[in-house]
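Thanks for coming. I will take a few minutes to walk through one structure, and I will keep to what can be pointed at on the screen.

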Amino acid sequence: MKTAAYAELNRREKATKAKKDGTSPVWLKGFAVPVILLAIWQYAGGSGLISPTVLPTPLSIGAAFYELAGSGELAANMQISIARAAGGFLLGGGLGLLFGILVGFSKKTEAYLDPSLQMLRTVPHLAVTPLFILWFGFDELSKVLLIALGAFFPIYINTFLGIRGVDAKLFDVARVLEFNWRHQITRLILPAALPNILLGVRLSLGIAWLGLVVAELMGSSAGVGYMIMDARQFSQTEKVFVGIIIFAVVGKLTDSFVRLLERRLLKWRSSFQGTN
Amino acid sequence: MTVSLHVDEKAFGRNVVLDNIQLNIQNGEFLTIIGPSGCGKSTLLKIAAGLDTEYEGKVQINKRPVTKPGISQGFIFQEHRLFPWLTVEQNIAADLNLRDPDVKRKVQELIDIVRLTSNEKAYPSELSGGMSQRVAIARALLRDPEVLLLDEPFGALDAFTRKHLQDVLVDIWQKKKITMILVTHDIDESIYLGTQLAILRANPGRLQKWLPIELSFPRSRTDTSFQYLRQKVLEEFEKTEHSVYAEGAGI
Ligand SMILES: Nc1ncnc2c1ncn2[C@@H]1O[C@H](COP(=O)(O)OP(=O)(O)OP(=O)(O)O)[C@@H](O)[C@H]1O
Ligand SMILES: [Mg+2]
């Protein structure tokens, strides 16, 4: 509590100091380079140096975004894409967590399951896309399963590693305090494995997102990926850009969300946070 | 509670670590065990706690054989071994529910006893070594152990903190009348705390000498009778001089 208040004080002090010195705060510095690039880009496009079908100007991309958002097309496509990604992530990630825990807990399940799972892991999951289309067709099922397959392994492996990494000395403590099995899991194993599990979640989300893009570009009749492919056919490059930017922004937002979760759940950690 | 600690032999592979150790501790006594590094003190304490059951002999607490660790034999490890993800009060409660008013009250009482008031919500990473060790002591005490086993609990602390915690421990021992067994390699500590003193020798670990310490509490290290006992313990160590001493035996 005290340290948080202190950090806040420190931050405020720095902010006021920055104002006094005339130097800008850190976040503003990050904006400098993109703003300059956008200005050059806009100028080059506006003066006809670059053809708009190759590289539309930032302003026309903004206009396309405005139009797509206004007509509701964007919202509808995003909804479908996010539902697919979330479905695939929950299915694959959930199973990854479950198997990670099962295999992490018991040497026996490890002996039975881990070799097969490790073998499957070496297959690049995008390489099985044609197979999934053959089996499950072009509809939602094949897309969700493809995403799930990619999301499974990072969580599985990291959960397993997290559980196996629990300090044996703390197990002795749990024995001395007579923890029952439920408390062993909730008070010892899961909290100890949580940093690893959250890392797995972050990696899985990234892969789920990638899987979504691939699945939608391969063929679909709705979603942000479909929107991109559709716009490409009609050479609406600014619409393609809008789709790409949406993918980037939503991907970044989910990652930020997990990081926020990490900071919340792992506030007990006092590890190195990087220098200023 | 009475503890009878009979270890005929304890070996790791072909390395015999403990040989024919017989210790009987009466209810409410405070036994300190002292000996050179590697003589098997931790091993002996783990056997007493039920953490190690692969030995020949018999350990009984109140005439009941000890077969597995449990809360009636509280154990304080050399390092505090707190759960880093739990706050001070959660660590003390551990598997008990802090929302239970009875538990909450007892936890608060113990926090006051070990003088950690206003640190309830701190995480172990925010505590000093001495504070962490006090949390570990409170955690064991909450479970009302019949016997408290302590393995060099103050070894890593500075002289001031150590003296303070020793006094806290004597205080608790007198109030709660728990039977205590404390392992140390500090001669002063063994005389300052114990009502009985067991000196072990190494290779293999054997009972060199058993001494009652009949000084009244509170004790003073500068007392002549304290110094006399100190002398006596040192003489015992000299007798075993020929046996191999590892470093840090505290002599
Ligand atoms: N798990 C183990 N496997 C094999 N040998 C062990 C094991 N634990 C302890 N030993 C051996 O048993 C002997 C006694 O170890 P122990 O930890 O009981 O010593 P100690 O008296 O507590 O020493 P210290 O004062 O340094 O803590 C040592 O020689 C050590 O090598
Ligand atoms: Mg030891």
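I start with a salt bridge inside chain A: A:R202 pairs with A:D255, and their closest N and O atoms lie 3.1 Å apart. The two partners come from distant parts of the chain, 53 residues apart. On one side, A:R202 sits in helix α9, residues 181-218 of chain A. On the other, A:D255 belongs to helix α11, residues 237-265. Please keep in mind that this is a predicted model. Over all chains, the salt bridge count comes to 21.

How many salt bridges does the rule find across the interface of chain B and chain A? One. That bridge is formed by A:K169 and B:E79, with 3.6 Å between the closest N and O atoms. As for the side of chain B that touches chain A, its residues divide by class into twelve nonpolar, six charged and four polar. Polar contacts between chain B and chain A amount to seven residue pairs, counting those with both residues at pLDDT 80 or more.

Now the interface as a whole. Chain B brings 22 residues to the contact, and chain A brings 18. The size of an interface is often given as the accessible area lost when the parts come together. Here, the area buried between chain B and chain A is about 2100 Å². Carbon and sulfur atoms give 66% of that area.

Back to chain A for its surface. There is a nonpolar patch made of A:W27, A:L28, A:F31 and A:V35. Together, these four residues have about 440 Å² of accessible area. One of them, A:V35, can be found in helix α2, which covers residues 26-46 of chain A.

Last, some backbone details in chain B. As background, most peptide bonds are trans, and most residues other than glycine have a negative phi. Where do we see a cis peptide bond with omega near -15°? From B:N203 to B:P204. The proline, B:P204, lies in the loop between β9, residues 196-201, and β10, residues 206-212. Another cis bond joins B:F217 and B:P218, with omega about -5°. For B:P218, the place is the loop between β10 and α7, the latter being residues 224-239.

Then there is B:N62, which is not a glycine but has a positive phi of about 55°. Look for B:N62 in the loop between β4, residues 56-61, and β5, residues 64-65.

That is the end of my list. Thank you.

Conventions:
Residues numbered from 1 in each chain as written. Chains lettered and ligands numbered in written order. Predicted model: local features only at pLDDT ≥ 70, side-chain atom pairs only at ≥ 80, totals over all residues. Heavy atoms only, no water. Patch = residues over 30% accessible without salt bridge, like charges linked within 9 Å, V, L, I, M, F, W, Y side chains within 5 Å. Areas by Shrake-Rupley, 256 points an atom, 1.4 Å probe, with all protein chains shown as cover. Salt bridge = Lys/Arg side-chain N within 4 Å of Asp/Glu carboxyl O. Helix = DSSP H or I, 4+ residues; strand = E, 2+ residues; numbered from the N terminus. Contact = heavy atoms within 4.5 Å. Buried area = accessible area lost by both parts, 1.4 Å probe. Polar contact = N/O pair within 3.5 Å; in protein donor to acceptor, adjacent residues only side chain to side chain. Nonpolar A, V, L, I, M, F, W, Y, C, P; charged D, E, K, R; others polar.
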